[in-house]
Amino acid sequence: MAALAPLPPLPAQFKSIQHHLRTAQEHDKRDPVVAYYCRLYAMQTGMKIDSKTPECRKFLSKLMDQLEALKKQLGDNEAITQEIVGCAHLENYALKMFLYADNEDRAGRFHKNMIKSFYTASLLIDVITVFGELTDENVKHRKYARWKATYIHNCLKNGETPQAGPVGIEEDNDIEENEDAGAASLPTQPTQPSSSSAYDPSNMPSGNYTGIQIPPGAHAPANTPAEVPHSTGDVRLTPEDFARAQKYCKYAGSALQYEDVNTAVQNLQKALKLLTTGRE
């Protein structure tokens, strides 16, 4: 993929989107779709912050040029031309980041890559807002991931051993101020857990932090009924239905990568119900 024209210096008013833009740059080669939507989020957010002062207008104009160049390079990629596919792509990628970091955390393996994975997952959930309002599940994941990144970073910085898994959340921490948090580059593909420390939801205790619970095996945003009804006749599915079913199958694939059977089954059941009844 051709290199994009560089952006001018980031105006101080846009500090809140600097990490989203950095994430975009890190994914230009790794995952251009993620890079595109990170820039789109930064563009939309920047317009709301300040679109009038000269330096901000200049920055946003150059950012728009990057977006147009990326869109041209990606051509007819369905994740760009169809919002529901793009949303599924972002959610799936954020979920992989979250599960990788959560697995490392629960296994007591604390390092910069897992800190950055937690924080990147939270940034990507920010980006999902370009498609509309976040689900309650995504809001909880974002809050938990961002807090975990801050908590573990501060523990390591102070020479302390973090407590693994969900513990008491502290609302006042702000990782935006910690520029070196998770500074190491992310692995191109999340590290597979070893057989001795495989991700086993059945052995994970439920977590409680200021009223937010992340039950074991419930990381993927899916709440599935226990039974899936069989097709009762001629079900007419729309292209959006097929895209949603594909999204749930992607979630299942991500869960299986981390041996999370319960989440995989839940998402496959949800896809099956949609395909057989036309309803979720």
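A helix here is a DSSP run of H or I with at least four residues, and helices are numbered from the N terminus. Ala145 lies in one such run, helix α7. The model is a predicted one.

## The chain as a whole

The protein chain has nine helices and two strands. Along the sequence, the elements come in the order α-α-α-α-α-α-α-β-β-α-α. The chain has 280 residues, of which 50% count as buried. Among contacts with a separation of 6 or more, 74% join residues 24 or more positions apart.

## Helix pairs

| Helix pair | Angle | Distance between axes |
|---|---|---|
| α6 (residues 112-127) and α7 (residues 136-157) | about 150° | 8 Å |
| α2 (residues 32-49) and α5 (residues 83-106) | about 105° | 10 Å |
| α1 (residues 18-26) and α2 | roughly 160° | within 8 Å |

How do α1 and α2 run relative to each other, parallel or antiparallel? Their axes cross at roughly 160°, and α1 is therefore roughly antiparallel to α2. The crossing of these two helices is left-handed. On the α1 side, the contact is made by His20, Leu21, Thr23, Ala24 and Gln25, and on the α2 side by Ala35, Cys38, Arg39, Tyr41 and Ala42. By class, these residues are six nonpolar, three polar and one charged.

Helix α2 also packs against α5, at an angle of about 105°. Angles of 65 to 115 degrees count as roughly perpendicular, so α2 and α5 are roughly perpendicular to each other. From α2, Val33, Val34 and Tyr37 take part in the contact, and from α5, Gly86, His89, Leu90 and Tyr93. Five of the residues in the contact of α2 with α5 are nonpolar and two are polar, with no charged residues.

The pair α6 and α7 packs at about 150°. Angles over 145 degrees count as roughly antiparallel, so α6 and α7 are roughly antiparallel to each other. Their crossing is left-handed. Helix α6 contributes Met114, Ile115, Phe118, Tyr119, Ser122, Leu123, Ile125 and Asp126 to the contact, while residues from α7 include Asn138, His141, Arg142, Tyr144, Ala145 and Arg146. Among the other α7 residues in the contact are Lys148, Ala149, Ile152, His153 and Leu156. The residues of the contact of α6 with α7 divide into eleven nonpolar, four polar and four charged.

## Residues between α6 and α7

Ser122 and Ala145 both belong to the contact of α6 with α7. Ser122 is found in helix α6.

Why does Ser122 count as buried? Buried means under 20% relative accessible area, and Ser122 counts as buried because its relative accessibility is 0%. Leaving out residues up to four places away in sequence, Ser122 touches Arg142, Ala145 and Arg146. Ser122 and Met97 are 25 residues apart in sequence, and their C-alpha atoms are 9.1 Å apart in space.

Ala145, in helix α7, also has 0% relative accessibility and therefore counts as buried. Which residues does Ala145 touch, not counting residues up to four places away in sequence? They are Phe98, Phe118 and Ser122. Ala145 and Tyr119 are 26 residues apart in sequence and 6.1 Å apart in space, C-alpha to C-alpha.

## A residue in α3

Leu60 is found in helix α3, which spans residues 54-74. Is Leu60 buried or exposed? The relative accessibility of Leu60 is 3%, so Leu60 counts as buried. With residues up to four places away in sequence not counted, Leu60 touches Phe14, Met43, Gly46, Met47, Asp50 and Ser51. Two of these names, Met43 and Gly46, fall within the residue range 32-49 of helix α2. Leu60 and Leu7 are 53 residues apart in sequence, with 9.0 Å between their C-alpha atoms.

Methods: Residues are numbered from 1 along each chain as its sequence is written. This is a predicted model: local features need pLDDT of at least 70, side-chain atom pairs count only at pLDDT 80 or more; totals for chains, interfaces and linings use all residues. Side-chain values use heavy atoms; hydrogens and water are left out. Buried means under 20% relative accessible area, exposed over 50%, partly exposed in between (1.4 Å probe, protein chains only). Contact means heavy atoms within 4.5 Å. Axes are lines fitted to C-alpha atoms, for helices over the stretch in contact, and angles run from 0 to 180 degrees between N-to-C directions. Angles under 35 degrees count as roughly parallel, over 145 as roughly antiparallel, 65 to 115 as roughly perpendicular and the rest as oblique. A crossing is left-handed if the near helix is turned anticlockwise from the far one by less than a right angle, and right-handed if clockwise. Ala, Val, Leu, Ile, Met, Phe, Trp, Tyr, Cys and Pro count as nonpolar, Asp, Glu, Lys and Arg as charged, and the others, Gly among them, as polar.
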